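Please examine the model shown below with its strands and their pairing in mind.

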Amino acid sequence: MSASNKLIIFDTTLRDGEQSPGASMTKDEKIRIARQLERLKVDVIEAGFAAASQGDFESIQAIAGIIKDATVCSLSRANDRDIARAAEALAPAERKRIHTFIATSPLHMEKKLRMTPDQVFEQAKQAVRFARNFTDDVEFSPEDGSRSDVDFLCRVIEAVIAEGATTINFADTVGYGVPELYGTMLRTLRERIPNSDKAVWSVHCHNDLGMAVANSLAGVMIGGARQIECTINGLGERAGNTALEEVVMAIKTRRDYFNFDLGIDISQIVATSRLVSQITGFAVQPNKAVVGANAFAHASGIHQDGVLKARDTYEIMRAEDVGWAANKIVLGKLSGRNAFKQRLEELGISLESEAEVNAAFARFKELADRKSEIFDEDIMALVADEAQSQ
Ligand code: KIV
Ligand code: ZN
């Protein structure tokens, strides 16, 4: 199954993303985001955790009734009650997935679940078997997978695939993974589990050490995963999840290396990021890759000069391709004469001589030493002063 070059983008903004403290969303807000995710053309929308609350149940049910182009998914613990609740919420969906999980690391099994490995093994099997009564699209996650014992994981995963799990999601629940180790562990699992090619393998990485995107890509390149779980703006529990915009643009921009097919409409990336930020109230940091306000802004004179001559000098992607109106030349104390002159032209200001341009540029530099960003109005005022002083 993993021979295909199609990479499935599984968005969990509405489930794991909502686990960001303070990011909870109403049903209507979730519907707005789900519609936007459909425009973005993600393959799977994890709409929530049906058994977690009545509100989550209703949101999933509403989204399941509206979304036509993506598979709608609900999370559920590995028990019959949760799974039945997920199935009920997903009933209206044209394409539905039940995503069931149970922790497999020694620490979680002993301290959190207070279960023996044999009990976890049985419960995982039973959960997948039960979920298959409602849909033939069942995902299983060994929670805290990256801190689990490989032999035990092999045993559990082989059994759940035999029960009919169609996706295996190797969860780096606490962001402990290191790219090479995470990718290699995934590959070891795929190589050792005899029926591993009966399922699509997935990565689900948290960002506790800032490596969620790198780990996800290693899971794909080294481990052979063909599904990436991610969220808009990297929202999610603690330090968040793999950021959709980053992982997608890494694959698109470096297609010389990542030779995969993605269904994503990248022109919707900025609009989706903005919508999620507005709804959750979580601001996007200015220097955030792809969707941050400064992601395509150039401040230094050398960079501005380069970009004005050829954008590729300092841009590896086009701002317009991901939904920005344009890139930005930010005028400030580091800007050079070229960028200043270009802005004058854009503002329709033509000074008569080079000497006038030089004088205006000198004023601009003097102002820029006092003011961190120079706006168009400042430039207009500067040039008006220049005109008056003649
Ligand atoms: O981080 C995690 O382990 C999860 C699972 C439920 C997949 O979110
Ligand atoms: Zn998670």
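## Basis of the model

This is a predicted model, in which local features need pLDDT of at least 70 and side-chain atom pairs count only at pLDDT 80 or more, while totals for chains, interfaces and linings use all residues. Residues are numbered from 1 along each chain as its sequence is written, and chains are lettered from A and ligands numbered from 1 in the order in which they are written.

## The barrel

Eight strands form a closed barrel in the order β1-β2-β3-β4-β5-β6-β7-β8, with parallel pairing; strands are DSSP runs of E with at least two residues, and helices are runs of H or I with at least four, numbered from the N terminus, and two strands pair if DSSP finds at least two bridges between them. Neighbouring strands of this sheet are turned by 25° against each other on average, direction ignored, where axes are lines fitted to C-alpha atoms, for helices over the stretch in contact, and angles run from 0 to 180 degrees between N-to-C directions.

Six of the six residues of β6 (residues 167–172) are buried, that is, 20 or more other C-beta atoms, placed from the backbone, lie within 10 Å of their own. Thr 167, Asn 169 and Ala 171 point one way, whereas Ile 168, Phe 170 and Asp 172 point the other way.

Two bridges join β6 to the parallel strand β5 (residues 138–143), with Phe 140 opposite Ile 168. On pairing with β7 (residues 200–205), β6 forms six parallel bridges, and Asp 172 has Cys 205 as its bridge partner.

How values were computed:
Buried ≥ 20, exposed ≤ 12 C-beta atoms within 10 Å, placed from the backbone.
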